[in-house]
Amino acid sequence: MSLRKEMDKYRDVDEDELLKKLTDDELRRLEDELEELDPDNALLPAGMRQKDQTKKAPTGLFQRDDLLAHLEKQAKEHPDKEDLVPFTGEKRGKAFIPKKVVDPIMENVTLEPELEEALANASDAELCDIAAILGMHTLMSNQQYYEALASSTIVNKQGLNSVIQCAKYKPVPDEEPNSTDVEETLRRMKRADPDLKEVNLNNIKKIPVPVLKEYAAVLQENTVVERLSIVGTRSNDPVAFALAEMLKVNNTLKSLNVESNFITGAGILALIAALQHNTTLLELKIDNQSQPLGNKVEMEIAAMLEKNTTLLKFGYHFTQQGPRLRGSNAMMNNNDLARLIRSDSDGSFTLTLSVPELERAFGKQFKFSTKTK
């Protein structure tokens, strides 16, 4: 919780107001610092990942002939390095003579006359089956080899010549791009279209951050959408903070998927902390972010999950065994509690759990007594 508290004090800071108060020199220094902050940032163009450190004025247009002449002159003026041992051309040692290697396959093999006659009159299919029986699986495809072993008759009709043919596999077409219209879907959400139960924006990488934040703002009042998935949309912490504010007031959403994005530990903690005010979300997936969350964040996530009693599915692979075990136990307890069915007539509970399951779900032991008549 300490990391989230430290980051919360910067959420309401007005960046535009701070930038207006800076002088030209301070702005230039800030620009230099930002350019040197992350030179390996793949989201920035190559020319903007490091500042221009060239102070010399341009000398003019590129002239290839002058450059070649300068390089040739410089090479001729540079003295050659003297050899430590002068070259005399004298040959020492014995000349290498490669050994003659006899190919064992090409050696003459003498067989019995009956075998010679049988092999001479055998067809390609019969030779293929004989090779399979002898274990010479390299002379045939896997299909031919296993068919020959499984059958007592000649089953290979192609023969050994089919070895050069690769196995034909059914081509798997590429996944079609997401055809969801971002603007039209947002308009349908604003007018609460009753047919719009699920919003899928997966792998649409050109959605601006303000548009994603607007989606979160619309969901605060929307009572129709039950599933929201923004996998691979390059969402960052501002989008996570907006979704956290949405979860505090939304009572309809049941599934939220923010996997494969650029959300840091602060944004993830804000999402999970918002579940304290939400009792309708049943599934939350946050795995595969651009950077690892760290042990401290995982411990805080496990502590928050233990306090939650409504979330049934949590999609995240913990790197440490301790938080992983605590998170799985919390989800197991929540699923056990979900099997308590409340009766609409008299408000009583119908228990479908065994006694050990009840004791594990409620964290205490029950004592039962029987009365004799």
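Visitor: Which residues does Ile-268 touch, not counting residues up to four places away in sequence?

Guide: Contact means that heavy atoms lie within 4.5 Å. With residues up to four places away set aside, Ile-268 touches Ile-263, Ile-286, Leu-293 and Ile-301. Please note that this is a predicted model, in which local features need pLDDT of at least 70 and side-chain atom pairs count only at pLDDT 80 or more, while totals for chains, interfaces and linings use all residues. Residues are numbered from 1 along each chain as its sequence is written, and side-chain values use heavy atoms, with hydrogens and water left out.

Visitor: Where does Ile-268 lie, and is Ile-268 buried or exposed?

Guide: A residue is buried under 20% relative accessible area, exposed over 50% and partly exposed in between, using a 1.4 Å probe and protein chains only. Ile-268 lies in helix H11 and has a relative accessible area of 0%, so Ile-268 is buried. The C-alpha atoms of Ile-268 and Ile-286 are 7.4 Å apart, although 18 residues separate the two along the chain.

Visitor: How many helices and strands does the chain have?

Guide: Helices (H or I, at least four residues) and strands (E, at least two) are DSSP runs numbered from the N terminus. The chain has 14 helices and seven strands. Of its 373 residues, 27% are buried. Among contacts with a separation of 6 or more, 67% join residues 24 or more positions apart.

Visitor: At what angle do H11 and H12 pack?

Guide: Two packed helices are described by the angle between their axes and the distance between the axes. Axes are lines fitted to C-alpha atoms, for helices over the stretch in contact, and angles run from 0 to 180 degrees between N-to-C directions. Helix H11 (residues 265–273) and helix H12 (residues 295–307) pack at about 5°, and their axes are 10 Å apart. H11 is therefore roughly parallel to H12. Angles under 35 degrees count as roughly parallel, over 145 as roughly antiparallel, 65 to 115 as roughly perpendicular and the rest as oblique.

Visitor: Which residues make the contact of H11 and H12?

Guide: H11 contributes Gly-265, Ile-268, Leu-269, Ile-272 and Ala-273, and H12 contributes Val-297, Glu-300, Ile-301, Met-304 and Leu-305. By class, eight of the residues in this contact are nonpolar, one is polar and one is charged. Here Ala, Val, Leu, Ile, Met, Phe, Trp, Tyr, Cys and Pro count as nonpolar, Asp, Glu, Lys and Arg as charged, and the others, Gly among them, as polar.

Visitor: At what angle do the axes of H9 and H10 cross?

Guide: The axes of H9 and H10 cross at roughly 5° and come within 8 Å. H9 is therefore roughly parallel to H10. Val-209, Leu-212, Lys-213, Ala-216 and Leu-219 of H9 meet Pro-238, Val-239, Ala-242, Leu-243 and Met-246 of H10. This contact has nine nonpolar residues, no polar residues and one charged residue.

Visitor: How many residues has the largest nonpolar core?

Guide: A nonpolar core is a set of buried Ala, Val, Leu, Ile, Met, Phe, Trp, Tyr and Cys residues joined through side-chain atoms within 4.5 Å. The largest nonpolar core has 52 residues, and Leu-243, Leu-256, Ile-272, Ile-301 and Phe-314 have the most contacts inside it. Helices H8 (182–190), H9 (209–219), H10 (237–249), H11, H12 and H13 (321–337) are the elements that each give two or more residues to this core. H10 supplies the largest share, eight residues. Leaving aside neighbours within four places in sequence, Ile-301 is in contact with Ile-268, Leu-269, Ile-272, Ile-286, Leu-293, Phe-314 and Phe-318.

Visitor: Where is Ser-235 found, and what does Ser-235 touch?

Guide: Ser-235 lies in the loop between E2 and H10, and its relative accessible area of 0% makes Ser-235 buried. Leaving out residues up to four places away in sequence, Ser-235 touches Leu-212, Ile-230, Asn-261, Phe-262 and Ile-263.

Visitor: What is the value of phi in Arg-234?

Guide: Phi of Arg-234 is near 60°, a positive value in a residue other than glycine. Arg-234 is found in the loop between strand E2 (227–229) and H10, and Arg-234 is partly exposed, with a relative accessible area of 42%.
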